[in-house]
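The sequence and the structure come before the first question.

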Amino acid sequence: MSTKTHSSDVERSIVDRIRASPFLTELLSNRIAVAGLSLIIGLFAVAIYARLVYDLDAIIATSFGSNPTEAAPSAQFWFGTDGQARDIFPRVLYGAWYALKFGTATVLASTALGITAGIVAAYYGDLTDNVIMRTMDVLLSFPSLLLALALVTIFPESLGLWRAVAALTLVYTPRFARVVRGAALKVLEDEYIEATRALGATDPRLLIRHVLPNCLAPITVQSTLNYGLAIIDIAALSFLGFGANPGDPSWGMMLANGVEKGLFSGAWWWSFFPGLFLALTVLGFNLLGDGMRDALDPRMRDAVD
Amino acid sequence: MPGDNNQVSRRRFMKSAGSATVVATAASSVSGCLGGNGSGGGTLRYGRSAHSKTLDPQDTTSGEVSKVTNQIYDGLIDFQPGEAAITESLAVDWSMEGTDVTLELREDAQFDDGTDFTADDFIATYRRFVDEEYEYHVGDLSSYGPFTLGNWIDSVEADGDYMLNITLTDPYAPFLRNLAMFAAVVLPQDAIEGDFDFATNANGTGPFQLDKLDNSNGKIKLTPNDNYWGDGPNVDQLLFLERGQNSTRTQALIEGELEIIDNLGPNNIGQVEDSDAAEVQSGEGINIGYMSFNQSRVEAFRDSRVRRAISYAIDTESIVSEVYSGIAKQADQPCPPALFGHNDDLSPYPHDTEKAQSLLEDAGYGDGFSFDLTTFQNARGYNPAPMSTAESIRTNLREIGIEVEIDDRQFSDYLTYTSEGKHDASLAGWYTDNADPDNFYYVLLHPQVESPEGQDWVDWDTEGYNTSNRTAWANQEFMDLIEDAQQASDKDKRAELYHEAAQLAYDEAPWVYIDYADEIRGVRNTVNNYEVSAIGGPHLHLVDVE
Amino acid sequence: MVSKRFIAKRLLLLGPVLFGVATVVFAILHLSPGDPAIAIAGERASQEFVEQVRSDLGLTDPLWEQYVRFIRDTATLDFGESYQVRRGTAVGDILADRLPITIELAVLGQIAGLLFGLPLGILSAVKKDTLTDHFSRVGALTGISVPIYWSGPLLILLFAQVLGILPTSGRIGSTYFIDSKTGFILIDTLLAGNLAAFQSAALHLVMPVIVLGVYSMAFISRMMRSSMLEVIRQDYMRTARAKGQGAKTTVMKHGLRNAFIPVITIIGIQFGSMLGGSVLTETVFEINGIGTLLVSAINKSDYPVVQATVLVFAFMYTIVNLLVDITYSVLDPRIDQ
Amino acid sequence: MPSTDSAVPVSRSRIERTRRLVIAAARWVAIGAALGAAISLALLIVWTPRAATDTAFALGALVLGFGVIAWSTAVGLGQTIEGMKAHLDVSAGWTEASAREAFFVLSWTGTGWVVAAAACSILLGV
């Protein structure tokens, strides 16, 4: 058996696995998921474009004198200008970068915390497991926005949007912890682990190596759904006055300013475009998450003929 | 051009507002919303951003409370509608010599419940407010107690039912104005010493009386006081209605759900101007918006060249005309133009980046530096757009190499933070309490502690430091001027001292003077005889509705 | 069926739950920055005055003393006096004013959500993978993706400003002063026999209820759909179909009852997010409910109001869940309490 | 481990059970007290005695409150949550007894903690 054959075998098997992966095929044949995916890909493209092309300081700076104040959308200002005479178009595009940045931070942080909590709970079992998981259950039983509202006050105001990220991380962690713990318990029951354990290999890293691949799919679904939630909740906290700094091109802040100052005096564009982008982004994540869940859930597949 | 585009948006808006008015009128006649006008009465609906927390004038420093209590209660002295001058009310004549104040009282005033007003009512009022020995002392609820009466009055004696002799602890020129403040209105002695809840109930000698208080919907209904001694009121009922958001409040005015609204934002002006049914009325405000340099914290700010450089760099003209949409005037000194302490010879620092740069270089900060600018988040009268102001400042100062980090906070947190002197610089502002220049100069720029030898600033933690002075500025020359003006009884002499102090405060620039905001109201065309008052009032008993 | 003992046990447990919630809120409030004394004293107060207020409020005592006092007072249902909202008034009175407002809104929103969400979910399940299904699913997902603080103002712009057929904000026309007997404005106006006022109140409720309802509709229809699909998949349904009954009757007869059970649980959980959602709705439509009360109290460090409001939220949440459990066990006799 | 199994009607074993519970509780209170004291003292390095003991107390109260809420939820909502989780597809092996045990620990630790923090505050003469 030559090495060459071996590697091409592996390659073929990977391709086959992807082709045969019921999850991916299911996902890609799910029109709802594909619609969501396209929205999100578009968002990423916009975010990266904005990040590369625009200068944040220039976007934040007021432009009295050089631009008109509260001008309606036109060929020059596609989305109009706001009360600080800033062009809204680049701000809205940059908002995509903000949404992704802070959304990603929230999701990554809560995923990391959730994985740690879930694995520790599963690995040590007994009391540790109970304390961690029941704590998570209790956190989960509070309405998420109210819980975030209570938690956000603990963090100093100077943190700006990171304050919302910190609070929401705590709010979302339980969802991940639960998923991971479930998967981890399954792996622990595996004979293989039993065997390695018998040999004295009790390294939690071992567990991570075996658990993570197993719960990658549910974690991804959970992350996707929470991505959308994180973005909308960060914006909601900004709207209620716990979040972004003035002038920051965050959709929540632009929306709050535009509604408060522009919407009813005719300058609808000020809040309309940030709101539209926010809604589309969240919709994208929700569509994808929903499609993924469908694709993952074997019970749903053959439900009705 | 900016103007052109504004035009477009306003015209566009007019269209929709016009159609809204028509339909709204139709809708309201269906549901019977419009008050019956005709028989010389009618309903006057006053829309505002917040409901009264209490009806007790001695338990608050809130302007929202005073709008209502001023309709129900009278003070001994009142402010003239639309002016800073004082006029008679429950007192018809008075004199002040040194520390002796004598007031002659009105004999024809009655409270709502029909009891006569006498000198004893004022004494009970005074004692309830500040006399801890008094059985019915209200407690230390409001910092206005000491500020209005407590710090200055040594004793109050009645001479018969209608004469009052007040002895002051020290000569204090602004004292009569303090008697005109809303917190000093006269409450009935019977009620004070009886079981009367002033927070939810009211009994005064003023033009209106309380009819209904609806806290869950933020509504208050007043009806005329039949016993009122003066002119008016000219309406059957007066409603105070809470509409928190500027936008919806303005819309309610245009649609005919409200007759008068206050607290308009810069963005609502055009909305009202474009409406056929209502107009904007404005009056000169008695306030100042500024940026304070905390000299106790930031070494660079102790050099007046740095402070002046920043004053030159910040484009206050644009802030006033663009950010505030012209509802404010550029400021140039601590005391607003409505008061006699204002020095007319001064003019605002021009926007001059080059001059700013060279001043910075002289001071050794040519390469710039950085500081935090602490600000509150929501609009206040003297600063209709704090966040945007901060943004403009950040943009302007970047041009001369100074990096500004905006530190925005909820108002109460902002107050705590800045009163503890933790800010590098802060946006701040002040509305007058009693329309006396002393209320600006002494309260906001006098440290009220000794100025250390050889420097014109003090450490924030100095025992007894006046934390309302957010700059830690302690200029001996300025302090002397202000103290002399506080004691002098001659108005011209006082004016002269204040003008000198203004010049000094201009040259030394302990603040960046930003704006004097106008008092703006939206008023429906059906309203007559309404006068915008920057202090006292609103004098709604003079208003009639067609 | 539910035993009396079960209900009694659950009600008894309210005590520890509320004690725990009270303790947690107390801890969080005192861990967060913000000084109620300065908020009360106002911008004109001197440092000594602030100190004075602080000691009057008992905030200068060691924290454990404040805690003991707080728990003792709360145990006797004395929530203290608000620092900010009408200071000097018992927090209990303020809550009595505000609570019905939020309950009215949340209940109506929930009803609207059920009314539209259930049929939509069933339809979606029965017509799985058809265009109808896709439409209703995407519609539902759109419903939860659009932020209330964007859709609310846009609705106001459309219905109040441009069309002028609905009032902008608040709960009732400004000239109506209705005595608050129950606190529920629809009921109070009827009790007062004032039909014009009732109409005004109803019109004021339309937009807030729609906004909340859309939110809950989205959740309910999603849940109903997957629950329904699961039931349809089950064996006995196949058997029933094999026996030759019409598909429609099968679905109605066997499916619905079983499919409802998980949905009822969702309603309990949903009520929580309705309360969360009501914070935003009340802010947008300027309704003085318990949600706006909580936000302003947090902003002003009004400890007594925050504490009492959170306790009330916890109480309602627990009670609703108890009701859900009872309904649950009535519908599903397999669950033995 | 303390047993919280509730279906033991024999009085002898009930006494035995109570005894074990009390011992377990005492142990966790002691551990909590140690934690509370340690944190109070640790915070003293950076803060005033007042701020240090207050913060330690608040943290302890957080643990205590959380434990009590969760304990009562576990006792009262055990079955409901189990049912709910099955339907929400997140079932994770909930058992009432184990949850009660977990929160037994949290509650008593929190109790010890707050008492120790309060004691520190008194000892430091705050």
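Q: In strand β10(B), which residue is the bridge partner of B:L222?
A: The model is predicted. Strand β9 of chain B covers residues 219–224, and strand β10 of chain B covers residues 237–242. These two strands run antiparallel and are joined by 4 bridges. In β10(B), the partner of B:L222 is B:L238.

Q: Which strands are the edge strands of the open sheet in chain B?
A: The sheet has 7 strands with mixed pairing, in the order β8-β9-β10-β1-β11-β19-β12. An edge strand here pairs on one side only. The strands that do so in chain B are β8 (208–214) and β12 (278–283).

Q: Is B:Q237 buried or exposed?
A: B:Q237 lies in strand β10 of chain B. A residue counts as buried under 20% relative accessible area. B:Q237 has a relative accessible area of 18%, so this residue is buried.

Q: With which side chain does the side chain of B:Q237 make a polar contact?
A: Leaving aside neighbours within four places in sequence, B:Q237 is in contact with B:G42, B:T43, B:L44, B:K221 and B:L222. The polar contact, at 3.0 Å, is with the side chain of B:T43.

Q: How many helices does chain C hold?
A: The elements of chain C, read from the N terminus, run α-α-α-α-α-α-α-α-α-α-α-α-α. Chain C has 0 strands, and its helices come to 13.

Q: What percentage of the 337 residues in chain C is buried?
A: Chain C exposes about 13100 Å², of which carbon and sulfur atoms supply 66%. Among its contacts between residues at least 6 apart in sequence, 71% join residues at least 24 apart. The buried share of the 337 residues is 58%.

Q: How far apart are the end C-alpha atoms of residues 102–124 of chain D?
A: An unreviewed UniProt entry lists residues 21–45, 57–81 and 102–124 of chain D under "transmembrane region". Residues 21–45 of chain D are 96% helix and 0% strand, with end C-alpha atoms 37 Å apart. Residues 102–124 of chain D are also 96% helix and 0% strand, and the end C-alpha atoms lie apart by 33 Å.

Q: How many disulfides does the structure hold over all chains?
A: A disulfide is a covalent bond between the sulfur atoms of two cysteines. Among the cysteines, B:C335 is buried at 0% relative accessible area, and D:C120 is buried at 12%. Over all chains, the number of disulfides is 0.

Technical notes
Residues are numbered from 1 along each chain as its sequence is written. Chains are lettered from A and ligands numbered from 1 in the order in which they are written. This is a predicted model: local features need pLDDT of at least 70, side-chain atom pairs count only at pLDDT 80 or more; totals for chains, interfaces and linings use all residues. Side-chain values use heavy atoms; hydrogens and water are left out. UniProt positions are given in the numbering used here, feature names are shortened, and annotations may be inferred rather than shown by experiment. Two strands pair if DSSP finds at least two bridges between them. A disulfide is a pair of cysteine sulfur atoms within 2.5 Å. Buried means under 20% relative accessible area, exposed over 50%, partly exposed in between (1.4 Å probe, protein chains only). Contact means heavy atoms within 4.5 Å. Accessible areas come from the Shrake-Rupley method with a 1.4 Å probe; for residues, only the protein chains shown count as cover. A polar contact is a pair of N or O atoms within 3.5 Å; within protein, one must be able to donate a hydrogen and the other to accept it, and residues adjacent in sequence count only if both atoms are side-chain atoms.
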